[in-house]
Amino acid sequence: MGNTSGKILWVDDEVESLKSQIKFLQNKGYEVEAVTNGYDALEVIKEQDVDIVMLDESMPGMTGLETLAKIKEIKPSLPVVMVTKNEAEYIMEEAIGSQITDYLIKPVNPNQVLLSIKKIMDGRRLVSERTTTNYQQEFRNLFMALSNDPDHEEWKDLYKKLVYWELEMSRSESEEMMEVHLAQKVEANTEFFKFVKRNYEDWIKGGDGPLLSHQVFKEKIAPKLSKDKPTFLVVIDNLRYDQWKMLEPIINNTYKVLEEDSFYSILPTATQYARNALFSGLLPMDMEKKFPNEWKNDEDEGGKNMYEDVFLNYQMNELGLGDLKTQYVKITNNENGKHFEDDVHNYLNNDLTVVVYNFVDMLSHARTEMEVLKELAGDENSYRSLTVSWFEHSPLYRALKKIADKGVQLIITTDHGTVRVKTPSKCIGDRRTTTNLRYKLGKNLQYEEKDVLAFRNPNDAGLPKPNISSTFIFAKEDVFLCYPNNYNYYVNYYKNTFQHGGISLEEMIVPVVLLESKQ
């Protein structure tokens, strides 16, 4: 291709009349190949790298629209500019529906053509530049907000903005700015840890604080329940706010968002604590008292999340909602998911159907176990993409589409998020100390004070105290806790994996979203 500005394929049965146009584009540095019909065009596209196709609508044989459909089968992302004599609206609608990038009406003027091509070719670069410029302005605002000692609501707002920019940056492919942004996120997490360390105990004791896991059902979900409309509460394990923002456009095809909010997961940001609290409406230490047989501490044998339905029924009765027809469904593998998809219409007879979907959890934990996933989700961007491709093909999404026209109310939330860990910190405990990498519960723990928030009396954090000398520690920012024996092996094994249980914006500030059918 030499030093051309790009290769253009022009498809028109009256190619003779375009000579001056083609010459004009060649003088501007573009390589142009002209063919007279759709069949030849498809051959060129299969065999050569083409940047843009200029496509005449009215050609004998294969029409422009038919050619367009075939082009999109071969190369879905190849930009096509439709050139038409015909201002007939249906042609434009069909063409736009088939994803043309632009259209021009004959007779076309050379500058018009050039402008259209430049717009397409430079579009990506311009988007990237515009994103960068806008972020540079916003960077100062975020920096100011960080240094102004934000309260818990302002932190939610700040984190939303950081996620917004991270998603913008990953679209615009500007690596330098992405680095600046990630540095800002690291700084935000440093400040957030200090904020939580100062205030957490006070929040647990009922001081002025954010909405926490055990308050979410009462405040956000219960008021929306009624016998008039079936509600589906979908709790997707480990769903971070950035992942929700990636799923939102997909769900928007069939549901509309009425209210998007977030809440703070309690510590440890781990399933057995945060999710049991969500369902019971109780702090873990109160669950232990009220449900001595169902509540399991870390070192107890047996599953830690076996009684979510018991906790849910307890809370429904406490809130005076015991007369609502409620069903709890837990999906931990694809088989369960398929059953749910097949039976989803039966759940429309319930007033409330609670669906716990464990997929994202399987994904993030599996990442440490399976090298394949380690390759697939090596950073935030690929972790998000993986979530999206899972969701698009999941039985959950298919089930939700099936009931979208049934006038249902949908609430999507999670128990906690997850953070990519990078910084190892040594920690020593006895053999009963928990294995989680982001928090530890044990006796005689030794650890780096600067890397954790410690509660020597777990009750101060609303947590059970399995024995007199139990201590809880929660890792800050991107720290993961490793034992000194086999230290280097564990450090290399777990570095850059997604973990939860500790204190970071990604783990603690999580979405709760109310949607309803578009129909």
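Reader: Which residues is D351 in contact with, leaving aside its neighbours within four places in sequence?

Author: In this predicted model, D351 is in contact with S226, K227, K229, P230, T231, D323, L324 and K325. Contact here requires heavy atoms within 4.5 Å. D351 itself lies in the loop between α13 (334–343) and β9 (352–357).

Reader: What makes the approach of D351 to K227 a polar contact?

Author: The side chains of D351 and K227 come to 3.3 Å. The cut-off for a pair of N or O atoms is within 3.5 Å, so the pair qualifies as a polar contact. A polar atom of the D351 side chain also lies 2.7 Å from the backbone nitrogen of K325.

Reader: Why are β2 and β5 said to stand at the edges?

Author: The sheet is open, with five strands in the order β2-β1-β3-β4-β5 and parallel pairing. β2 (30–35) and β5 (102–105) each have a single partner strand, so one side of each is left without a neighbour in the sheet. From one strand to the next, the twist averages 20 degrees.

Reader: What makes β14 and β17 edge strands?

Author: In the open sheet β14-β12-β17, whose pairing is mixed, β14 (446–447) and β17 (479–482) each pair on one side only. Strand β12 (residues 423–428) is joined to β17 by four bridges, and these two run parallel. S425 stands opposite L481 in β17. Helix α18 (residues 487–494) packs on the sheet, touching β12 and β17, at about 145 degrees to the direction of β17.

Reader: How many cavities of 30 Å³ or more does a search of the whole structure find, and what lines the largest cavity?

Author: The search finds one. The largest cavity has a volume of about 50 Å³. Its lining consists of K220, K224, E259, I411, V512, V513 and L514. Strand β19 (residues 509–517) supplies the largest share, three residues.

Key. Residues are numbered from 1 along each chain as its sequence is written. This is a predicted model: local features need pLDDT of at least 70, side-chain atom pairs count only at pLDDT 80 or more; totals for chains, interfaces and linings use all residues. Side-chain values use heavy atoms; hydrogens and water are left out. A polar contact is a pair of N or O atoms within 3.5 Å; within protein, one must be able to donate a hydrogen and the other to accept it, and residues adjacent in sequence count only if both atoms are side-chain atoms. Two strands pair if DSSP finds at least two bridges between them. Axes are lines fitted to C-alpha atoms, for helices over the stretch in contact, and angles run from 0 to 180 degrees between N-to-C directions. On a 1 Å grid over the protein atoms alone, a cavity is a set of points where a 1.4 Å probe fits but cannot get out, and a pocket is an open set with protein on both sides within 12 Å along at least five of seven lines; lining residues have an atom within 4 Å of a point. Grid points are joined across faces, edges and corners, and a volume is the space filled by probe spheres set on the points.
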